[in-house]
Amino acid sequence: RVRAWAHERSLWLDEVLLATNIRDRDTVQLLTQSLSNSQSAPPGFLVLTDLGSSVWGLSELGLRLLPMMASIGSVVIAVAAGRRLFTSRAAQLAFVSFLAFSPVLIYYSQEFKQYSLDVLATLVVLLMWVRRDQWAPHWTYGLVGLLLVQFSITAVFSLLALGTSLMIEWLFKYRPIAHVGQEFRRHLKVFFFWLVGGVLHGLYLLTAPPN
């Protein structure tokens with residue numbers, strides 16, 4: 001991934017169309033006005049890219065730094081998730097290898113779009129699932145979900161799947177409905193954070209809707 005990023009190939013059309021928005025607008029405008037050139041991106045991605053461009057400039061390397069770091073982070077998270085998801089060492093190795101050496105993921109790791117953050121967000125949600133017994137009731141579990149939704153559009157669907165899976169698990173684990181209700185109340189602050197994250201992203205879409 002670092003080698004692909006350092007190759008510094010020229011921006012292609014879609015990347016240029018998104019980059020012109022970063023060049024021509026400040027942070028407030030990025031969050032309150034529809035992006036030009038039929039572009040769309042999560043608000044967190046736009047903010048971090050705008051901050052990064054003030055340090056690194058609008059070069060290929062600067063614009064693609066965030067996707068590259070997110071893609072490397074995906075491999076790291078895959079290692080942590082794979083250890084809990086699979087008991088077989090061969091399965092763990094296969095899981096991480098598919099992510100680490102996928103030509104598609106390597107390619108998108110050096111493209112100025114939010115796709116690498118979508119992959120990272122999905123893997124973080126997967127890690128949240130396999131470590132739910134230790135993390136789920138804590139407020140930080142909710143905060144992570146709130147942040148993911150600001151950086152990845154697909155995180156909305158991943159978190160919905162995670163929340164639904166948790167409730168289905170409670171139904172099988174705690175047959176009396178009263179116990180399910182107790183478990184839901186125990187996780188209420190987590191779902192509240194997720195709801196706030198969804199509302200914030202929804203306000204962004206209403207304020208600066210993709211055209």
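Author: Let us begin with a cut-off: an angle over 145 degrees between two helices, taken between their N-to-C directions, counts as roughly antiparallel. Please keep in mind throughout that this is a predicted model.

Reader: At what angle do α6 and α7 pack, and how far apart are their axes?

Author: Helix α6, which covers residues 65–85, packs against helix α7, residues 89–101, at an angle of about 165°, and their axes lie 9 Å apart. The two helices are therefore roughly antiparallel to each other, and their crossing is right-handed.

Reader: Which residues make this contact?

Author: From α6 come Val75, Ala78, Val79, Gly82 and Arg83, while α7 brings Gln92, Phe95, Val96, Leu99 and Ala100. Sorted by class, the residues of this contact are seven nonpolar, two polar and one charged.

Reader: How many helices and how many strands does the protein chain have?

Author: The protein chain has 14 helices and zero strands. Its C-alpha atoms fill a box of roughly 60 × 45 × 25 Å, when the box is taken along the principal axes.

Reader: What is the angle between α11 and α14?

Author: Helix α11, residues 139–151, packs with α14 at an angle of about 15°, and the axes of the two are 7 Å apart. Because angles under 35 degrees count as roughly parallel, that angle makes α11 roughly parallel to α14. The crossing in which α11 passes α14 is right-handed.

Reader: Which residues of α11 and α14 meet?

Author: On the α11 side, the residues include Trp139, Tyr141, Leu143, Leu146 and Val149, and among those they meet in α14 are Val190, Phe193, Trp194, Gly198 and His201. By class, this contact has 10 nonpolar, six polar and one charged residues.

Reader: How does one look for empty space in a model?

Author: The general idea is that rolling a probe the size of a water molecule over the atoms shows where empty space is left. In this structure, the largest pocket has a volume of about 240 Å³. The elements that each give two or more residues to its lining are α12, residues 155–173, and α14, residues 188–207.

Reader: Which element gives the largest share of that lining, and which residues line the pocket?

Author: The largest share, six residues, comes from α12. Among the residues lining the pocket are Val149, Leu159, Met167, Phe191, Trp194 and Gly198. The lining as a whole divides into eight nonpolar, three polar and no charged residues.

Technical notes: Residues numbered from 1 in each chain as written. Predicted model: local features only at pLDDT ≥ 70, side-chain atom pairs only at ≥ 80, totals over all residues. Heavy atoms only, no water. 1 Å grid on protein atoms, 1.4 Å probe; cavity = no way out; pocket = protein on both sides within 12 Å on 5 of 7 lines; lining within 4 Å. Points joined across faces, edges and corners; volume = space filled by probe spheres on them. Helix = DSSP H or I, 4+ residues; strand = E, 2+ residues; numbered from the N terminus. Nonpolar A, V, L, I, M, F, W, Y, C, P; charged D, E, K, R; others polar. Axes fitted to C-alpha atoms, helices over the stretch in contact; angles between N-to-C directions. Parallel < 35°, antiparallel > 145°, perpendicular 65-115°, else oblique. Left-handed = near helix turned anticlockwise from the far one by under 90°. Contact = heavy atoms within 4.5 Å.
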